[in-house]
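Okay, thanks for coming, everyone. I'd like to walk you through some contacts and helices, so let me put the model up.

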Amino acid sequence: MRLSTPRIRATTERLGFRFDGHQIEAMPGETLAAALSAAGVVSLRRTASGAERGLWCGMGACFDCIVTVDGRAGQRACMVKAKNGMVVESAHRPAAPLSPVADAGAEDTVCDILVVGAGPAGLSAAIAARLAGADVLVLEERDATGGQYFKPLAPSHVAEQPDAQFRAGDALRAEADAAGVAVATGVTVWGGFAPDEIAVLRDGRHQVIRPRRLILSPGAHERPIPIPGWTLPGVMTTGALQTLARAQRVSPGESVVVGGSGPLNLQLACELVAGGVRVAAVVEAAPKPGLSAWRDALAMAAASPDLVFDGVRYLRALKRAGVPVIWGARLVACEGEGRFGALRIATAGGERRIAADVAALNLGFQPETGLARALGCAQRFVDQGIGRLETEGDAEGRTSVPEVFAIGDGAALGGSRVALARGRLAGLAAARDLGFMTPDAADARRALVRAEAFQGALWRIFAPPAFDFAAIPDSVTICRCEEVTAGSLRDASGEGAASLPALKKATRAGMGRCQGRMCGATVARLVAARSEAGFAAPRAPVKPVPAAALARNRDAEAVPSIVEPPASPSLPPRPERLRDAEVLVVGGGVIGLAIARAIARDGRDVLVVDRAEPGQGASTANAGSLHAQLHAYDAEGDTGADSPLAALLPLGPHAIALWREIAGDSAAIRTEGGLMLADTEAQFAWLRAKVDLERTKGLTSEILGPNELRAAAPWLGAGFAGAAFCAEEGQMDPLPGMVALLRAVRGSGARVAGGVSVDGLRRDGRGFVVNTNAGEIRAGRVVNAAGPWAARIAAMLDVSLPVRGAVQQVLVTEAAPPMLRPLVLHAGRRLSLKQGDLGHLILGGAWPGDWNAARGVTQNRRSSIEGNLAVARDVLPALDRLHLIRAWTGLNVHLDGPPQIGEDPRCPGLFHAVTFNGWTLAPVLGELIADAMAGRGAPPAAFRPGTA
């Protein structure tokens with residue numbers, strides 16, 4: 001329905017678009033979500049499981065309202081403006097390019113100060129810095145400035161007597177215009193790679209902004225409320241419904257129930273009542289303020305009397321309208337068939353059911369800290385409600401990264417007045433850093449003191465209820481994107497996943513479009529996270545972006561990051577003492593675990609120790625390719641018939657067969673061949689020689705000419721000279737694959753211990769003594785499967801290994817209809833391309849990530865993202881239709897020589913298992929080491945440790 005208020009009038013102009021074949025009326029400047037809501041349409045799409053979904057956050061953070069617009073999939077209905085003649089579909093059917101691809105991108109932009117986010121904090125900072133003389137650029141993802149609090153009325157309406165909030169927002173925008181602040185709206189900031197390397201999508205073009213100072217003010221999003229039915233269409237956040245009602249002047253239903261906690265719920269209820277909506281009830285989790293709250297009430301009145309008056313006015317207005325305000329109530333469940341129909345709540349007097357068309361829920365906010373975390377800004381954990389991370393900063397907003405300021409609710413929750421004051425202080429400080437003269441900021445400091453006093457008292461009155469993960473029923477969806485339930489998370493935790501990354505990899509929670517915004521804090525509560533280390537690492541892009549817009553040819557810039565990996569923090573050791581073992585395996589990655597399984601099946605007592613959580617390092621950061629053929633980027637050395645590379649070739653098919661034995665049907669193993677493409681005749685000639693070698697090693701490889709290639713792979717781009725096809729190659733999902741391997745290892749009787757760092761290793765007679773942070777362990781034999789850390793373990797026994805670390809990066813797109821079945825590689829360019837059974841395209845090919853030595857972590861490399869996408873879209877033009885969802889990095893093995901596999905002749909009893917292509921080969925390496933220990937044979941001589 002459309003709201004009717006005497007002092008706000010609608011324009012007379014109308015336009016129309018079609019949604020799933022039905023004509024929908026819209027108004028100029030109205031979002032698709034608003035127009036559909038006005039028509040009573042709340043279901044916007046179906047998930048992979050067939051569940052109906054609609055608007056949730058209303059601000060572009062959750063990506064639950066995606067639709068297909070004029071053939072372009074993955075468009076957010078809450079962000080896209082309606083246009084006459086649009087064709088909008090609820091189905092996910094990518095059928096047209098997402099962005100122009102002729103222009104590779106714009107030139108880099110340099111400015112004194114970049115402000116990300118044009119809410120109260122961002123605009124206040126920009127005005128202060130610009131008035132001091134700095135060149136300021138403000139970027140805003142929405143089409144208008146002001147943020148959630150100062151959002152303006154849509155162009156479809158005119159306010160003849162705007163309220164105080166509208167007037168304040170208009171005044172702030174006018175002040176920014178008068179100061180000469182440059183503002184760019186409709187801009188997606190998708191990556192922060194350094195304080196002076198901010199990647200954005202602006203006017204459909206990829207651009208890098210290089211500021212001298214960076215001010216982050218991205219705002220906050222409403223926290224998840226995982227109760228039964230919270231994913232039903234018609235259930236949305238209070239902020240989403242307020243955007244519809246206040247800015248767009250629509251409501252998805254004639255009756256609404258508002259629930260949760262805080263004054264925003266009261267404000268929304270009053271605005272709905274004023275617009276003609278029936279508000280069935282306002283449900284407040286906090287107890288009704290009594291005499292005990294008088295000190296806080298007085299403090300609020302002294303700090304901001306106008307805001308206190310607003311609160312009193314809201315309560316009086318609701319009472320006059322007959323809207324019950326139910327204090328001290330807990331949200332229990334949302335009910336409905338296909339869409340919301342009623343809210344169940346628990347009160348002191350018992351459970352109640354409140355029927356309505358729409359539910360608006362708010363139990364607090366989560367700061368948008370993704371960019372700050374990607375840039376390395378220190379975070380603190382705030383143990384309130386569901387729990388959250390906030391960016392640490394001084395009084396002026398300066399973070400632990402000196403060039404970066406973080407302000408507003410995107411740094412630490414505080415409300416609009418705290419944001420305005422902190423924004424001014426940050427803008428002046430950033431300008432002062434650059435040598436500009438700035439005025440005294442005493443007024444801002446005084447305003448900040450008052451605002452913080454008000455906010456502190458407000459939070460004490462509206463204290464968020466404690467969050468109890470155990471109270472969530474198993475059937476409740478936690479991750480809206482991937483449809484992961486609380487029960488699935490509990491099952492994964494019960495099988496040994498002890499951290500958020502482990503739960504994420506075991507269940508896919510947090511791997512969807514929203515990047516964990518709607519589930520990350522909930523999952524963190526399950527593992528009792530109380531610091532940033534307990535949350536998922538930030539990834540680029542921080543929001544999905546069209547893959548085609550980022551693609552740039554970067555082949556020449558793919559310089560690998562080869563590092564000497566430092567010791568890194570371990571998990572706390574297990575409380576029980578680890579007993580001695582017949583065989584100690586150092587390294588709980590895929591190779592170490594596969595070896596432990598094979599040795600334990602021989603009846604030996606095996607203990608695997610890992611300095612972190614077993615199976616959660618590079619092993620599950622890989623792309624899941626099952627390699628059998630010789631790769632161009634691995635073949636820079638000797639590729640003769642007797643070379644180590646040639647000796648690896650027979651192992652691949654056997655390893656893949658063993659993976660089927662270990663994982664069964666759980667890991668989506670497919671062996672539909674590997675296609676290696678050639679652009680030039682020289683590359684094609686190399687492929688012919690490669691195929692001849694592979695055939696001598698038992699592989700089923702063949703050459704495809706241009707015509708055969710086009711017939712076999714019609715989805716390919718044009719211009720390829722030919723290809724090699726290896727029938728044994730394939731792919732699998734490494735996440736359930738690792739779950740299956742861990743289950744098999746434990747089933748074999750091997751012991752697995754995480755959080756155990758090996759600090760010393762020495763010979764003792766015929767065995768070894770191992771010093772760890774969990775105590776001393778004695779072992780008869782030691783297997784060194786420590787990956788990039790293998791050289792460090794070997795050095796403890798005065799043995800050298802040519803092993804270091806290499807940072808590699810993998811990309812994944814949104815899900816798409818089936819396009820290709822084989823694994824696709826390239827003879828002359830870095831590429832590994834495949835499509836998993838869930839529809840996502842996975843891109844790799846040894847494109848490097850970066851190593852941040854100061855923080856001791858791997859991180860995304862922008863040029864590798866651009867280069868990998870450029871190669872992939874040359875091969876698969878359909879990539880132009882998809883969004884890039886995330887890129888991740890892992891520390892892989894770099895060998896300055898052949899693989900090191902087997903017993904080390906320099907130290908009898910010490911076995912090494914270090915190679916590239918470790919994911920594929922792990923099961924067969926397990927057999928090789930087990931056979932060597934049992935005297936059944938030895939690994940190929942080409943892999944003998946110490947061999948140059």
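There are 60 salt bridges in this structure, and by salt bridge I mean a side-chain nitrogen of Lys or Arg within 4 Å of a carboxyl oxygen of Asp or Glu. Before I pick some out: this is a predicted model, where local features need pLDDT of at least 70 and side-chain atom pairs count only at pLDDT 80 or more, while totals for chains, interfaces and linings use all residues. Residues are numbered from 1 along each chain as its sequence is written, and side-chain values use heavy atoms, with hydrogens and water left out.

Let's take Arg45 and Asp64, whose side chains meet in a salt bridge at 2.5 Å, N to O. Arg45 is in strand β4 (residues 45–46) and Asp64 is in the loop between β5 (52–53) and β6 (66–69), so the pair ties together parts that are 19 residues apart in sequence. The cut-offs are under 20% relative accessible area for buried, over 50% for exposed, and partly exposed in between, with a 1.4 Å probe and protein chains only.

Next up, Arg422 and Glu452, a salt bridge at 2.8 Å, N to O. This pair links distant parts of the chain, with Arg422 in helix α9 and Glu452 in helix α10, 30 residues apart. Arg422 is partly exposed at 23%, and Glu452 is partly exposed at 36%.

Since we've landed on α9, let's stay there. It covers residues 416–433, which is 18 residues, and spans 25 Å from first C-alpha to last, close to the expected 26 Å; that expectation is 1.5 Å times one less than the number of residues. Its buried residues include Val418, Leu425 and Leu428. What do the buried residues of α9 pack against? The partners are β9 (109–116), α2 (120–131), β15 (205–216), β28 (404–406) and α10 (442–461), where contact means heavy atoms within 4.5 Å.

Now look at α18, residues 681–696: 16 residues, reaching 23 Å, close to the 22 Å expected. Among its buried residues are Phe684, Leu687, Val691 and Leu693. If you're wondering about that spacing, an α-helix has 3.6 residues a turn, so residues three or four places apart point the same way. The cover over the buried residues of α18 includes α16 (644–648) and β45 (823–826). This helix is followed by Gly698, which has a positive phi near 95°.

Last topic, aromatics. A search of the whole structure turns up six aromatic pairs. One is Tyr149 with Phe150: the ring centres are 4.9 Å apart and the planes sit at 65°, so we call it edge-to-face. To pair, rings of Phe, Tyr and Trp (its six-membered ring) need centres within 6.5 Å; planes under 30 degrees apart are stacked, over 60 edge-to-face, and the rest tilted. Tyr149 is partly exposed at 32%, whereas Phe150 is buried at 6%.

Methods
Helices (H or I, at least four residues) and strands (E, at least two) are DSSP runs, numbered from the N terminus.
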